[in-house]
Amino acid sequence: MQEITDEEFDSWVNNLIETGDGIITSVEPYMEDDWEVTSVYVSSDFFIPSVDQQLAMVESVGPAVQEMVVRSGKFPYTSVVFRYEKDDRIVAEPKLTGGYKIK
């Protein structure tokens, strides 16, 4: 797997935010400078009507974020958790058996 620079990572995140139709507002470590858990913040105003659509979004974005965190060398593995930007409430989190659980 080809490594990427911090600048390339930041550019990728900015592109994800710009192309996400206002859904994703930021991607950052849950604890400062510790990427073991990566938070993907979604707009508190955003609402996806069906659980299937929510699941499709997190199951496509989550693994992509995970791969980019690893490729950037920020951490050898990361767990990606989706949270509302306004109150930090969890929207979706990884299941032990794989995939995501919508809250």
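Which residue in strand 4 is the bridge partner of phenylalanine 82? I looked this up in the model, which is a predicted one, and found alanine 92.

**Entry: strand 3 and its neighbours.** I followed strand 3 to both sides. Towards strand 4 (residues 90–94), I found 2 bridges, with the two strands running antiparallel. The hairpin of strand 3 and strand 4 has 5 residues between the strands, and there I noted aspartate 88 with a positive phi near 65 degrees.

**Entry: burial.** Next I checked where the side chains of strand 3 go. Ser79, Val81 and Arg83 point one way, while Val80, Phe82 and Tyr84 point the other way. I found all of these buried. Strand 3 (residues 79–84) has 6 of its 6 residues buried, so I read it as largely enclosed by the rest of the structure.

Entry: I then traced an open sheet of 5 strands, in the order 1-2-3-4-5 and with mixed pairing. Strand 1 (24–31) and strand 5 (100–102) are the edge strands, each pairing on one side only. From one strand to the next, I noted a twist that averages 25 degrees. Strand 5 pairs with strand 4 in the antiparallel sense over 3 bridges; lysine 101 in strand 5 is the bridge partner of glutamate 93.

**Entry: helices.** Last, I looked at what lies on the sheet. Helix 1 (residues 6–19) packs there, touching strand 1 and strand 2, and its direction makes about 135 degrees with that of strand 1. Helix 2 (residues 51–71) lies across strand 1, strand 2, strand 3, strand 4 and strand 5, and runs at about 140 degrees to strand 5.

Technical notes
Residues are numbered from 1 along each chain as its sequence is written. This is a predicted model: local features need pLDDT of at least 70, side-chain atom pairs count only at pLDDT 80 or more; totals for chains, interfaces and linings use all residues. Side-chain values use heavy atoms; hydrogens and water are left out. Buried means under 20% relative accessible area, exposed over 50%, partly exposed in between (1.4 Å probe, protein chains only). Helices (H or I, at least four residues) and strands (E, at least two) are DSSP runs, numbered from the N terminus. Two strands pair if DSSP finds at least two bridges between them. Axes are lines fitted to C-alpha atoms, for helices over the stretch in contact, and angles run from 0 to 180 degrees between N-to-C directions. Contact means heavy atoms within 4.5 Å.
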